[in-house]
Amino acid sequence: MSSRRAGSTAREPYLSQPAEAFPTRGSVPGIDVLLTKTRAARTTGLPKEGPRRRLAGVALVTALTALTASCGSSGHNGSTTTSAPTTTGSPTTTKPTTTTTTTAPVTQAHGPETVLSPIGLNVRAGPSKSAKVIGSAAQGTVLQLLGHTSQHGGWYKVQGASVTGWISANPAYSAHGPFGSYTSTAFSVLYPAGWTATGSPRSGVTFRSPSPTEKVVITTAANIAKLPPVSHGVGISQSSSRIFVACGVTGYFVTYTTSAPNRFLAGIPLLLDAHHALGLRATFTSLSQLRTLLDFVNSLSFPVAQCIGGPPTTTTVAHGKVAHGKVAHGKGPGTTSTRV
């Protein structure tokens, strides 16, 4: 390494910064360093710092700063202090996620339940359409009720001959109590146990309850105009009307009041195809007995293309006159060929 000639006035590039700009006491974070400014040296009579002494001071500061960074919080005893970390903002708390499942209670139920749906019902492992199918019950099968829950639209827990499970509690698919069965080439239907069936489809099959004033008559004809009318006589007026789908065929279910006490009428005409029609007429003593007539319609099936075997549905419509014979036919809303 060559030495500088005496008397040279050339400034070294790395010392072009004024001495006042070098760090002084406390100007380096985390370290306590004493460097005397050049001006202070002049006023106190201390020897003036030369360029190489300044360079040595810069090197010392740099080395001490690196040493402080490498030591950090190593536990070395000295003048180095480490500040505790500062947390800004509000503390964050995490609450555990809780999932609450509300399940309707299961109440006890007893007695026989008869399947009305022409295509039968699925028996499931739980009270839901998503539960596994563990069996099936054909139309007319009598199941024993064990329980009932209102969840998922309502379900019955039932026991059959070989399986225990759940069936839909929709009254369009099953009904309380035992039923008899009527079958002919024109139609098939279930009727309550204890009722009698007489007559023929052309003249009218009469299903009569133990009470002589309650009956249901089912008649077939070539078209709706040839079916016997439901309402006739003085003092009879229509009280309600609803769209009803029986085995894939849509008709109007109409009820009537009469001037006679405790006497009501109801009926539903169905146009099966261009050459077949079927009508139900009922006489009963209380509006609560409409449920019995609906059981007839819900179990009704006939051997024509429109009858897809699906359980029927009803839709209430505004009260008003329904012209005789003005009935839609074909696949109705809500019908299905798949067991529930």
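Visitor: How many bridges join S2 to strand S8, and which way do the two run?
Guide: Three bridges join S2 to S8 (residues 174-176), and the two run antiparallel. Strands here are DSSP runs of E with at least two residues, helices are runs of H or I with at least four, and both are numbered from the N terminus. Two strands count as paired if DSSP finds at least two bridges between them. This is a predicted model, where local features need pLDDT of at least 70 and side-chain atom pairs count only at pLDDT 80 or more, while totals for chains, interfaces and linings use all residues. Residues are numbered from 1 along each chain as its sequence is written, and side-chain values use heavy atoms, with hydrogens and water left out.

Visitor: Which residue is the bridge partner of Thr 114 in S8?
Guide: Ala 175.

Visitor: What about S5, how does S2 pair with that one?
Guide: S2 (residues 112-115) pairs with S5 (residues 142-149) in the antiparallel sense, over three bridges. Pro 112 has Gln 144 as its bridge partner in S5.

Visitor: Back to S8. Is Ser 174 buried or exposed?
Guide: Ser 174, which lies in S8, counts as buried because its relative accessibility is 5%. Buried means under 20% relative accessible area, exposed means over 50%, and partly exposed is in between, with a 1.4 Å probe and protein chains only.

Visitor: What does its side chain make a polar contact with?
Guide: The side chain of Ser 174 makes a polar contact with the side chain of Glu 113, at 2.7 Å. A polar contact is a pair of N or O atoms within 3.5 Å; within protein, one must be able to donate a hydrogen and the other to accept it, and residues adjacent in sequence count only if both atoms are side-chain atoms. Leaving out residues up to four places away in sequence, Ser 174 also touches several others, including Leu 116, Leu 121 and Ile 167. Contact means heavy atoms within 4.5 Å.

Visitor: New topic. How many residues of S13 are buried?
Guide: Six of the seven residues in S13 (residues 215-221) are buried.

Visitor: Which strands does it pair with?
Guide: S12 (residues 204-208) pairs with S13 in the antiparallel sense over four bridges, and Arg 208 has Lys 215 as its partner in S13. A hairpin through six residues joins S12 to S13. S13 also pairs with S17 (residues 276-284), antiparallel over seven bridges. There, Thr 220 stands opposite Leu 278.

Visitor: Which residues have a positive phi without being glycine?
Guide: Among them are Cys 247, with a phi of about 55°, and Asn 262, with a phi near 55°. Cys 247 is in the loop between S14 (237-246) and S15 (249-257), and Asn 262 is in the loop between S15 and S16.

Visitor: Buried or exposed, those two?
Guide: Cys 247 has a relative accessible area of 1%, so it is buried. Asn 262 has 58% relative accessibility, so it counts as exposed.

Visitor: And Leu 265, where is that?
Guide: Leu 265 is in S16 (residues 264-273). It counts as buried because its relative accessibility is 5%. The C-alpha atoms of Leu 265 and Ser 231 are 7.4 Å apart, although the two residues are 34 apart along the chain.

Visitor: Last one: how many helices and strands does the protein have?
Guide: Three helices and 18 strands. Of its 340 residues, 38% count as buried.
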